[in-house]
2 protein chains.
Amino acid sequence: MKVKVRILPYNIEAEAEEGENLADIIARSVSGFVLPCGGRGFCGLCKVKVIDGRLTNLTGNEKLHGIEPPFRLACQARVLSDVVVELEGVGRLRALASGIEPRIEYKYPLSSSKLISIDGRPHQPLDKWIIRKVDTKGVTFNALKKLSLLWEKGTFYSVIFEDKIVDFSEKPRELGLAIDVGTTKIAAYLVDLANGRTLWESYILNPQSVYGDDVITRITKVLENKENLSKMHRMTIRAIEGLCRDGCKAVGRSVEEVSCVVAVGNTVMMSIFLEVDPTPLGKYPFEPLISDSCEGYGSEFDFKALGDSWVYVPPSVSGYIGSDALGDILTARILSKGMRRTLIIDIGTNTEVALITDSDDILATSAPAGPALEGGYISSGVRAMEGAIYRVRITDYGKVLYSYYGDRPIGLSGSGLISLIAEMLRKGVINKYGRFMGEHRKENKFYVDPKRNIVVTQNDIREFQKAKAAISSAWKTLLKVAGLTPNDLTAVYVCGSFGSSLDVSDALEVGLLPPIHTNKVYVIGNAAGTGAKLILKSRKLKEEVERMAREIKVIRPAEGKEYMKFWVKNLVLQ
Amino acid sequence: MKVKVRILPYNIEAEAEEGENLADIIARSVSGFVLPCGGRGFCGLCKVKVIDGRLTNLTGNEKLHGIEPPFRLACQARVLSDVVVELEGVGRLRALASGIEPRIEYKYPLSSSKLISIDGRPHQPLDKWIIRKVDTKGVTFNALKKLSLLWEKGTFYSVIFEDKIVDFSEKPRELGLAIDVGTTKIAAYLVDLANGRTLWESYILNPQSVYGDDVITRITKVLENKENLSKMHRMTIRAIEGLCRDGCKAVGRSVEEVSCVVAVGNTVMMSIFLEVDPTPLGKYPFEPLISDSCEGYGSEFDFKALGDSWVYVPPSVSGYIGSDALGDILTARILSKGMRRTLIIDIGTNTEVALITDSDDILATSAPAGPALEGGYISSGVRAMEGAIYRVRITDYGKVLYSYYGDRPIGLSGSGLISLIAEMLRKGVINKYGRFMGEHRKENKFYVDPKRNIVVTQNDIREFQKAKAAISSAWKTLLKVAGLTPNDLTAVYVCGSFGSSLDVSDALEVGLLPPIHTNKVYVIGNAAGTGAKLILKSRKLKEEVERMAREIKVIRPAEGKEYMKFWVKNLVLQ
Ligand code: FES
Ligand code: FES
């Protein structure tokens, strides 16, 4: 059904389809109306005032930004009738777009620099005097060697990591680098440790991709030749240094100012980052060689430009629950202000699910969702990249509307696939068993864009159902272990760069998430990277992550016949 | 006066001078009677049974070995009349000769190796499993990288330092290296960490000597050119590795088995060992840049062959109280079984003195004794080396008898000088003000061996008196601070390779030590090196040393007029 959207103060009237995304409608009508975070609900900058008309319900992300009627975030709302909205302003700067970061009291960053002035020679050993002066517990031997070179200047900086001095330098060193090593992408964040602000963020494709797209292929390459581990390790380290250099250049700072690096990732990526054999992760019981946290000078991790920075790698919990999942949980827990009965889902080829129980235990499990949600095995599937369709609507007349990144639509991203399947379900193109209905049963496919041959087949839907079944089996298992029902949940946090363009109501429609009200679902983006930043920003949160790693109860994915029956039931889209 | 010594079971009758050392008399009469520790009272192997006759009093060292009449240690006794003795046996092996080592319960050495067998893959991360298995607190990142290379073997060793795993290896690594870096000598000890036994010990001259004999000259060289610090550092490290290689070869072990190194030394030597600028130690207030303990892989200290060993350097207390003094105090305290009111003296160019007070506080100070006791500024002075005369007796007929190391007497060591001066005092050759008396006043010199032109002059005696004044001022100061008199002392421990050939009654005669009974004086040899060994052998003692370093009260050597008056009074030989 067609609806009319009147946009004040420009008094522009736009035509739209019922159910279309409000931000999409405004963006194509008002030039200069940008979606700073890409319409992901992260930046809170697409705020509009609703003067009249009906829209879909307030989302969790709008609540996170403190949005209340008559205000809305345009990117979070769909129109259900003719509406009149008033824009707050147009043409803002592009925001940092990778996720929602909780506000924390900024007091004890993981690393800081303190000025030291020696007036007159103190009547005690200089190291003792400095330790007392800056109130730390100790100083590394490497730092002492630096002191040996610097002390005669009389004025210099001590660079502190947690409770020890790790360097002395002529200038303060107050940049932190947070890294999320993903199987596909490596994301980097530069944080100003003087005030906790994120100065810059970016990502690159993980160069390990030349050894295979997924972790299993890469592990196989190491099995074939141990040298490949060193090669992948080195290319990862070089890539991170490259990102760091780019970031420092972009913000006019020097790489030497980076005093501290925090790196998270899944267990395989962290093994490769540490140059530790990942092959045990490729066979039963899929446990890593190393799970403990590691820290030391960058040089110990083979960094060169960052050789003098202090690197901290949080622990992994098990083969499938890595430090990226810990970052997710950390971020979600702070956003939820420590609320219980919250579910945290990081959707990807390996989907991690965690549940905070009524007694504040953390249960975690993982589901092998497979590559369908990242474009794999899907006829028109693509990764979430330029050209990816991430949202689809079917009008009452059968016309297909869609949103995509970049200039030219190429195929369906995971969110696009979910959105399409949800819409097909709503409009009766398929039934809840994933079968094409009516006229579509003949061809057994549905064209999203016939001109560009973007299509979804019966087989694609089956692939999606398998992923959906794996994911919903995982959270259902955790709920069961905790003795909870979806109704008991106070919130669901959806993490991962995948999740970040997810339309929550679509995900609920197909049963990917537990059936709860949309305003209890928070799409928080790359919470693993945010977690790494939070650790950089707070010693307490570093301790918190280590505590969580010790205490998390890993629920091993079920196996055998019983599970098969359960999984088959979950193929149903509801 | 001549006396007769009858030696059973050989029934040999030897002629001797009254006051001659019993071991010397037996050694020249019974071939095969060796002094395993060189007659220093360390080994306890020169035990004889006294059948008849009078000898000097039991010494402290004899008490340490549990010797009671009618038994004696021949090297500790002098004959006062005709005597009859019975030998226990002759021709024993040469003992390790650098000092007396207290017996401790051998339970938790600083480093140990534990076998790990993985049967079946454990259902948890391997590092966690191993940590639990060997009951440690953690594992270093470097060790984890080794694990990555070794785990597939299924059986290997974890190498533990204190409470963390620092290496994994195919074979056990259970050798410890204790090092005492002296200004003149570097002493090394190889300890079997499986049972705590010292396998080998040796020393070499400190190669830094090419930069000057004393610490001040060496500091000056660093002031002239910072490069000299690196050069001295490197030659020291190379020298230690050379010693270690020699030792391993001698006992048929491999250098790779050395898992742990403990190095002590005075504060200047430790600065150079660590390659930290020692120049602040050369000027007021003579405090070091670094006093805290340091530890890490050998490679961080520039070791090559020992690059994978874990090196521990105990703290220094101040510019003049180094970790060598801590080693002395540690050793003495264990020997004394924690007794209070004990004095510990390490005689050398810089003499360290410590006093355990009634309330178990440790007071420490140091005295610039100068080089006289090491042969410096003395006409016929030599270091304690081959050819050094270490004991002198003057017969009633004015004949001079002396004992010396090696084949040919060359000059007087510090002990020799003390012995000579004590004997000259006894026999009225000089008075207590150090002036030659009677016929000797003419020449103002005394010939120890006219043929070899070994002589002592009035000036030599003055130099000795200055050293003696500095040392006795130091212990008198400590006694005063603690409100004690010499009578209150329960024991005096004399440390240092210098002290090890000291005749206690001679040292008492000249007032070098507080006037107490000889059997309360213990000559314990290189207690600094023994301290390093004790730390290797016990984690508790490592903690003990760190505690001592924090708690010791350093009494700064007095300055100014007041002290000068005190010092002048102490020139008197009594
Ligand atoms: S565009 Fe950022 S919240 Fe809507
Ligand atoms: S020779 Fe060793 S104690 Fe006498």
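**Close-up views of a predicted two-chain model**

Phe286(A) lies in the loop that runs between helix H7 (267-274) and strand S14 of chain A, helices (H or I, at least four residues) and strands (E, at least two) being DSSP runs numbered from the N terminus. The model is predicted: local features need pLDDT of at least 70, side-chain atom pairs count only at pLDDT 80 or more, and totals for chains, interfaces and linings use all residues. Residues are numbered from 1 along each chain as its sequence is written, chains are lettered from A and ligands numbered from 1 in the order in which they are written, and side-chain values use heavy atoms, with hydrogens and water left out.

View 1. Another cis peptide bond links Pro69(A) to Pro70(A), with omega of about 10 degrees.

**View 2. The interface between chain A and chain B.** Chain A contributes 39 residues to the contact, and chain B contributes 39 residues; contact means heavy atoms within 4.5 Å. The two chains bury about 3,400 Å² between them, 54% of it on carbon and sulfur atoms. Buried area is the accessible area (1.4 Å probe) that two parts lose on being put together, summed over both. Of the area that chain A buries against chain B, 20% comes from His123(A), Phe141(A) and Leu289(A), more than from any other three residues.

**View 3. Polar and charged links across the interface of chains A and B.** Between chain A and chain B there are 2 salt bridges, a salt bridge being a side-chain nitrogen of Lys or Arg within 4 Å of a carboxyl oxygen of Asp or Glu. Lys226(A) forms a salt bridge with Glu152(B), and their closest N and O atoms are 3.1 Å apart. On the side of chain A that touches chain B, helix H3 (126-134) and helix H4 (141-150) each supply at least two residues. H4(A) gives the most to this side, with 5 residues. By class, this side of chain A has 20 nonpolar, 6 polar and 13 charged residues; Ala, Val, Leu, Ile, Met, Phe, Trp, Tyr, Cys and Pro count as nonpolar, Asp, Glu, Lys and Arg as charged, and the others, Gly among them, as polar.

**View 4. Packing of helices H8 and H14 in chain A.** Helix H8 (residues 323-335) and helix H14 (residues 527-537) of chain A pack at an angle of about 75 degrees, with their axes 7 Å apart. Axes are lines fitted to C-alpha atoms, for helices over the stretch in contact, and angles run from 0 to 180 degrees between N-to-C directions. H8(A) and H14(A) are therefore roughly perpendicular to each other; angles under 35 degrees count as roughly parallel, over 145 as roughly antiparallel, 65 to 115 as roughly perpendicular and the rest as oblique. Residues of H8(A) in this contact include Asp324(A), Leu330(A) and Ile334(A), and those of H14(A) include Ala527(A), Thr530(A) and Leu534(A). The contact of H8(A) with H14(A) comprises 6 nonpolar, 4 polar and 2 charged residues.

**View 5. Packing of helices H14 and H15 in chain A.** H14(A) packs against helix H15 (residues 539-551) of chain A at an angle of about 125 degrees, with the axes 5 Å apart. H14(A) is thus oblique to H15(A). Leu534(A), Ile535(A) and Lys537(A) of H14(A) meet Arg539(A), Leu541(A), Lys542(A) and Val545(A) of H15(A). This contact of H14(A) with H15(A) has 4 nonpolar, no polar and 3 charged residues.

Conventions. Polar contact = N/O pair within 3.5 Å; in protein donor to acceptor, adjacent residues only side chain to side chain.
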